[in-house]
Amino acid sequence: MTYESERLYFRPWTIDDAEALFELSSDERVGPRCGWMPHKTLEESREILGKILVNDHTYCIIEKASEKIIGNMGIDYVYENDDAEERVIVDDEKELGFWLGYPYWNKVYMTEAVKATIDYCFNELGMRKLWCGHFDDNHASARVQEKCGFKYDSTTVRFWQGLGKEVTLVDNYLYNSKRKPLIGLQALVDEKRDSYWMLPGYFEGVIEAGGIPVMLPLISDEEDIGKLVEKFDGFIITGGHDVGPEVYGMTDETENVEPCTARDDMEVILLKKAMEADKPVFGICRGLQFINAALGGSLYQDIPMQFPSEVNHRQPAPYDEPIHPVKLEEGSWLKNLAGCDIIMVNSCHHQGLKDLAEGLVISAKAEDGLVEAAEMPDKKYLKAVQWHPEFMHKKDEMSRKIFSDFVKACASDR
């Protein structure tokens, strides 16, 4: 497999490239900046080619004008549990490693090479994310990575085997801005029919906003849910069953609660791991109630019984028509989106937020004071509404804005 840029092209190394490799890598100004010692003999270069460079993910950089090899570009694998005995390849991430022969420095070749490789990885290989690092004193490599759009991730001090000494390593990352974010939607459950299903409005809202919606399996294994969190860019906790009182340390006080224990069990783990990874989470109806309950808040288990109100919180069909106003709180994400103080929403729920969980702040309220939306400012995106934009998005601009706001967060750099 090969690729190219305006002045360069890239092809896999072969054993026949030993002399060209030795000519470049024997220069002591090159290797130590990149983590390896200068080659001492042609035979050493030949051995390193055979053991390290001749593979399906390492390329020599060739100057088109001279047809000479001028450097190296590695598009290496990224592993889960890299320090564990069993490493598993992350199939949508790569790590770039590169060096350039000294005679070709200060010609902007490396920036051109990295940009071409980024394009190749994102557009040809379909990668979601790239990693790249440099030693803290390698300012040239740092500048190349910055010019190519890489963002800072972390700094670590470690022993570097290739140099036989401790080094300070700076790791950077870059997301594929053209890749549509993958959104996991919690399945709706029909226990009578023994089926999982999804309302089309959830899918349509995400698709129209530029995301790819996928209905999640209903599982409870913590490791498996962790893998879902790794693979997806964001999650929607959908509407549906009541939240079981056990989630927030209560019992059924009304004899009118209809929970789905399997959903509760999965979402407790899913929410925890998504928050740990700071992945965007958006809750709708039950989603708002569940987020509040799982984070330590409490619920009105039945609004007509425990919070009597003249506001219609459970309208009949059609559900794409607004039924009551909500007031948007000053400084909230919803007010910023709407550009006004009050919007009209639909409503179809009999449970609601009672005591707000620590860390959540109210984003909107109904006229009777019931919480209609909440957010957690300390997280990249943890927001939820009580109404149903999935029913209203075809005719309501605010509903479309809500889906777009969420999908945009899923697509942005973390």
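Two strands count as paired here if DSSP finds at least two bridges between them, and the strands themselves (E, at least two residues), like the helices (H or I, at least four residues), are DSSP runs numbered from the N terminus. What I am showing is a predicted model, in which local features need pLDDT of at least 70 and side-chain atom pairs count only at pLDDT 80 or more, whereas totals for chains, interfaces and linings use all residues. Residues are numbered from 1 along each chain as its sequence is written, and side-chain values use heavy atoms, with hydrogens and water left out.

Let me begin with the overall picture. The protein has 13 helices and 21 strands, and its C-alpha trace spans about 85 × 40 × 40 Å along the principal axes. Of its 414 residues, 50% are buried, where buried means under 20% relative accessible area, exposed means over 50%, and partly exposed lies in between, with a 1.4 Å probe and protein chains only.

Eight strands form an open sheet with mixed pairing, in the order 1-2-3-4-5-6-8-7. Why is one side of strand 1 and of strand 7 left without a neighbour in the sheet? Strand 1 (3-4) and strand 7 (151-160) stand at the edges, and each has a single partner strand, so one side of each has no neighbour there. Further in my list is the pairing of strand 5 (residues 88-100) with strand 6 (residues 129-135), which runs in the parallel sense over four bridges; in strand 6, Trp131 is the bridge partner of Glu95.

Glu124 belongs to helix 4 (residues 109-124) and is exposed, at a relative accessible area of 55%.

Ala317 and Pro318 are joined by a cis peptide bond, with omega about 5 degrees, and Pro318 sits in the loop between helix 10 (303-306) and strand 16 (324-328). Asp194, which is not a glycine, has a positive phi of about 55 degrees; this residue lies in the loop between strand 10 (188-190) and strand 11 (195-197), and Asp194 is exposed, with a relative accessible area of 72%. Asp278 likewise has a positive phi, near 55 degrees, in a residue other than glycine, but Asp278, placed in the loop between helix 8 and strand 14 (281-284), counts as partly exposed at 28% relative accessibility.
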